[in-house]
Amino acid sequence: MDLVHVPGLAHQLTIPGTVFAERAFTARELREAQRRADRAGALVAEPLAVRWAAKESFIKAWSQALVARAREDRESGGAAPVIAPESVDWREIELVSDRWGRPSLNLTGAIADAVESSLGAGAASPGHWPVSLTHDGDWAAAIVLWAGA
């Protein structure tokens with residue numbers, strides 16, 4: 001689970017010269033966030049905040065899946081992160097919605113490869129990472145779970 005303060009993210013997006021949005025979100029996510037904000041008469045920071053929460057929540061769920069896998073394999077000391085945090089390309093963790101608005105994660109590139117190598121073939125498919133999103137006032141939250149075998 002991850003929780004994001006929407007006004008804090010909104011402020012970050014207004015800092016002159018910031019490239020956060022371009023490094024954190026795909027072009028599709030940015031378009032979808034703008035569309036949702038326009039439709040609701042809200043700031044674009046609201047739909048972006050919940051997307052950021054989903055990305056952070058995915059990283060946490062992946063880490064916990066590695067810990068669980070290490071326990072299953074009876075390895076000691078836990079599993080180290082597969083990708084160093086500073087090396088994560090956040091655009092490779094994309095929050096997409098189907099035509100009914102149901103969210104899912106689309107993992108691509110090095111993230112998808114690392115997930116598959118660490119958790120097994122097919123582990124990067126959306127069905128293994130259920131996601132739930134919510135907003136309440138100034139807060140956006142997301143929960144991502146590992147539902148692999």
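Predicted model: local features only at pLDDT ≥ 70, side-chain atom pairs only at ≥ 80, totals over all residues.
1. **Elements.** The chain holds five helices and five strands. Their order from the N terminus is β-α-α-α-α-β-β-α-β-β.

2. **Extent.** The C-alpha trace spans about 50 × 35 × 25 Å along its principal axes.

3. **Burial and contacts.** How much of the chain counts as buried? The share is 38% of the 149 residues. Take the contacts between residues at least 6 apart in sequence: 59% of them join residues at least 24 apart.

4. **Surface.** The accessible surface comes to about 8300 Å². Carbon and sulfur atoms account for 54% of that surface.

5. **Charge.** There are 15 positive and 19 negative side chains. The centres of the two sets lie 5 Å apart.

6. **S1 with S5.** Strand S1 covers residues 2-5, and strand S5 covers residues 139-144. The two run antiparallel and are joined by four bridges. Within this pair, Leu3 stands opposite Ala141 of S5.

7. **S4 with S5.** Strand S4, residues 131-136, also runs antiparallel to S5. Six bridges join S4 and S5.

8. **The hairpin turn.** What do S4 and S5 form together? They make a hairpin, with two residues between the strands. Gly137 sits in the turn. Its phi is positive, about 60°.

9. **Pro103, position.** Pro103 belongs to strand S3, which covers residues 103-107. Is Pro103 buried, exposed or partly exposed? Its relative accessible area is 27%; buried would need under 20% and exposed over 50%, so Pro103 is partly exposed.

10. **Pro103, neighbours.** Leaving out residues up to four places away in sequence, Pro103 touches Leu95, Val96, Ser97, Val131 and Leu133. Glu32 is 71 residues from Pro103 along the chain, and the C-alpha atoms of the two are separated by 12 Å.

11. **A point for viewing the strands.** In a regular strand the side chains alternate between the two faces of the sheet.

Methods: Residues numbered from 1 in each chain as written. Heavy atoms only, no water. Buried < 20%, exposed > 50% of the residue type's maximum accessible area, 1.4 Å probe, protein only. Contact = heavy atoms within 4.5 Å. Areas by Shrake-Rupley, 256 points an atom, 1.4 Å probe, with all protein chains shown as cover. Lys, Arg positive; Asp, Glu negative; His and termini not counted. Charge placed at Lys NZ, Arg CZ, Asp CG, Glu CD. Pairing = 2+ DSSP bridges.
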